[in-house]
Each structure stands twice: as C-alpha cells, then as structure tokens.
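Welcome to this guided tour! Open your viewer, get ready to select residues, and follow along one stop at a time.

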Amino acid sequence: MFSLYHFSLLLFAERIAYMNQVGVDVQLISYGNNNPQDLPAEYAVEMTRLANDEMAEKIALYPDRFYGLASLPVADVSAAVAELRRAVTELGFKGAQLTGTFQGRFFDEAEFFPIFEEAARLDVPIALHPGEVSPAVIQHYYEGEWSDQVTNVLAGHGFGWHADIGIEVMRLIVSGIFDKLPNLKIISGHFGELIPYFLDRLNETLPTNLTGLKNSFAEYYRDHIYVSPSGMFYDSPFDLCLKVLKPDHLLWSMDYPYMKRENTRQYLENFQLTDNQKEQIAHLNAEKLLKL
C-alpha cells in the first residue's frame, strides 16, 4: 500500500515501525508547515537545497520505502525552477510541494508560472499543502466571542487552511494554466479541500463563454487534480469524491506525523469498493502518477 506523508526529523526507524504496524509499504514524504519555502530569497535558496539534500540522504537509507517531494525557494523563481530540476533529475524526487500562499500571494500569479512549467516539462506533480492563513482573513472570518484556541482551529486545521488551499486550486484553474500546460498535474489533500463539494456549482456558474477557457471547470479539475484524504477517513467526503472524480485520480494518504491513524489500511479495505477500486486507490494510481 502507498501513502502520502510529511517529513519530520523523527527517527526513521520509528517511522518504519509505524508503517509496518498500520500496513503502509511506501511513503511519499515532504516538509509541511514551517517550510523553508517561506523564507526570503537570501535564505530560502540555500535552506531548501539543504532540506532536500537531508531528505534525500534519509530516503537513500530505505530506497524501497520512501520517495520525496521537493521544497522550493519560491521567493526566487529561477532558483525554484533550478531546484525542482535538480531534485527530480539528481535526487530522484517525484515532484514538489508548495505550502499555502507565499507572503499572501497565490501561485496563479504569472511570476510563479515557470515553476509549474518546469513540473509539466519534467512530468512530475506539484502537491498543494495548506499553510497559515493571513491575519486579516483570520480576523475577518474566524475571530469571535470564543477562545483563541477555537479561533486557531477554525482558521487552521478545522476549516481555514482547507478553504485557503481550495481557493488556490480554484484560482489555478480559472487562470488558464492548464490550457497553457496540458500535462500539469496537481495533488490536493483533505479530499480536495472543499472543491469537490462545489464542483457542480462552479462548473455551472463558470461557463467557458465567461472564463474564456477551452474546457469546463469540472473537466480541468477531473483531468488535472489528484485528490487524497490526508487522514480524513470520513465516509461522506469519500463517497462524494468517488462520485464526482475520475477513479484514477484518487490517492490514499495519512497525515503523519500530524495525525496518526491506526486504521490507515483497514479503513480502505473495509470501505464499500470493488477490488479494482481498492487496488487503484491503494497504490496503482500513485504508481502511475509518480512513476514508481
């Protein structure tokens, strides 16, 4: 079984033991929040390189169990392109991860286009992971007459992170990036960060004569976005994604080390799926996408 996870400095022996316990054969690992991606260029270029090198060293100790997603110094786009190329062609990474927004800017801005262009050229996916929501958004949407702890959950892993990265995906689609890069592939966790629920609505209200795009919103989403649960083992969103997405665009994932589910394998095995669907979601889709 294959699963996406996040990289941390925990001992890999502990990580391997956990994988064996819950029935995960392979992890695709990455840096989560506090990513060196977010640093100014004068620090990010060197720090992301060091981070990727460190991850590659750890992966090399267990080459049949781990694959990596690169961190990129997005403050310097040309350096980010070069680091993505190095990580894939020299370190053997399977793509890159962008975390949240960068200094409040979404990645559909033209400045960041070369990063996606290089990913398409290399035929590797870019994973979009939630990051911190801007203080203005937190104040406007999530603060109220409740504790700071409740605000943190609302603005973070309870809702806000997911809405923010769902908006990121939505903006990429309407920017026309997939018309320019028909080979571009995006991984979106947490069952698509709310977008699958609104997919029909967005498709209906954004016709091509309004967007100027070649295809419908839903076509781009179904063709270019690969969705995983990120440990959200909830029946309702899983059922929805099975209904609205292509069967070869669903990947299985936990959210280690942030969330440690003991039923990572059992949940999928016990869900009402055909044997072929289980094989696709458990590993075949990932093997094809990532060329494992």
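The stops below go from a sheet and its helices to single residues and then to a pocket.

**Before you start.** This is a predicted model, in which local features need pLDDT of at least 70 and side-chain atom pairs count only at pLDDT 80 or more, while totals for chains, interfaces and linings use all residues. Residues are numbered from 1 along each chain as its sequence is written, and side-chain values use heavy atoms, with hydrogens and water left out.

**Stop 1: the sheet.** Helices (H or I, at least four residues) and strands (E, at least two) are DSSP runs, numbered from the N terminus. Colour strands S4, S5, S6 and S7: these four form an open sheet in the order S4-S5-S6-S7, with parallel pairing. Two strands pair if DSSP finds at least two bridges between them. S4 (96–99) and S7 (225–227) are the edge strands, each with a single partner strand, so one side of each has no neighbour in the sheet. On average, neighbouring strands here are turned by 30° against each other, direction ignored. Axes are lines fitted to C-alpha atoms, for helices over the stretch in contact, and angles run from 0 to 180 degrees between N-to-C directions.

Now select S5 (residues 126–129) and S6 (residues 186–188), which pair in the parallel sense over three bridges. Which residue in S6 is the bridge partner of Ala127? Look for Ile187.

**Stop 2: helices on the sheet.** Show helix H7 (residues 160–174), which packs on the sheet and touches S5, S6 and S7. The direction of H7 makes about 140° with that of S5. Next show H12, which also packs on the sheet, touching S6 and S7; its direction makes about 60° with that of S7.

**Stop 3: His224.** Stay with H12 (residues 217–224) and select His224. Is His224 buried or exposed? His224 counts as buried because its relative accessibility is 8% (buried means under 20% relative accessible area, exposed over 50%, partly exposed in between, with a 1.4 Å probe and protein chains only). Beyond its neighbours within four places in sequence, His224 is in contact (heavy atoms within 4.5 Å) with residues including Phe178, Leu184 and His249. The side chain of His224 reaches the backbone oxygen of Leu184 at 2.8 Å.

Stop 4: Most residues other than glycine have a negative phi, and most peptide bonds are trans. Select Asp123, in the loop between helix H4 (113–122) and S5: Asp123 has a positive phi of about 60° although it is not a glycine. Asp123 counts as partly exposed, at 23% relative accessibility. Ser230, in the loop between S7 and H13, has a positive phi of about 50°, and Ser230 is buried at 10%. Then move to Pro257, in the loop between helix H13 (235–244) and helix H14 (264–270). The peptide bond from Tyr256 to Pro257 is cis, with omega near 5°.

**Stop 5: Ser253.** Ser253 also has its place in the loop between H13 and H14, and Ser253 is buried, with a relative accessible area of 1%.

**Stop 6: histidines and a pocket.** Finish by selecting His157, His162, His190, Glu193 and Met232, which lie nearest the centre of the largest pocket among its 21 lining residues. On a 1 Å grid over the protein atoms alone, a pocket is an open set of points where a 1.4 Å probe fits, with protein on both sides within 12 Å along at least five of seven lines; lining residues have an atom within 4 Å of a point. H7, helix H9 (190–193), helix H10 (195–205) and H13 are the elements that give two or more residues to this lining.

Terms used. Polar contact = N/O pair within 3.5 Å; in protein donor to acceptor, adjacent residues only side chain to side chain.
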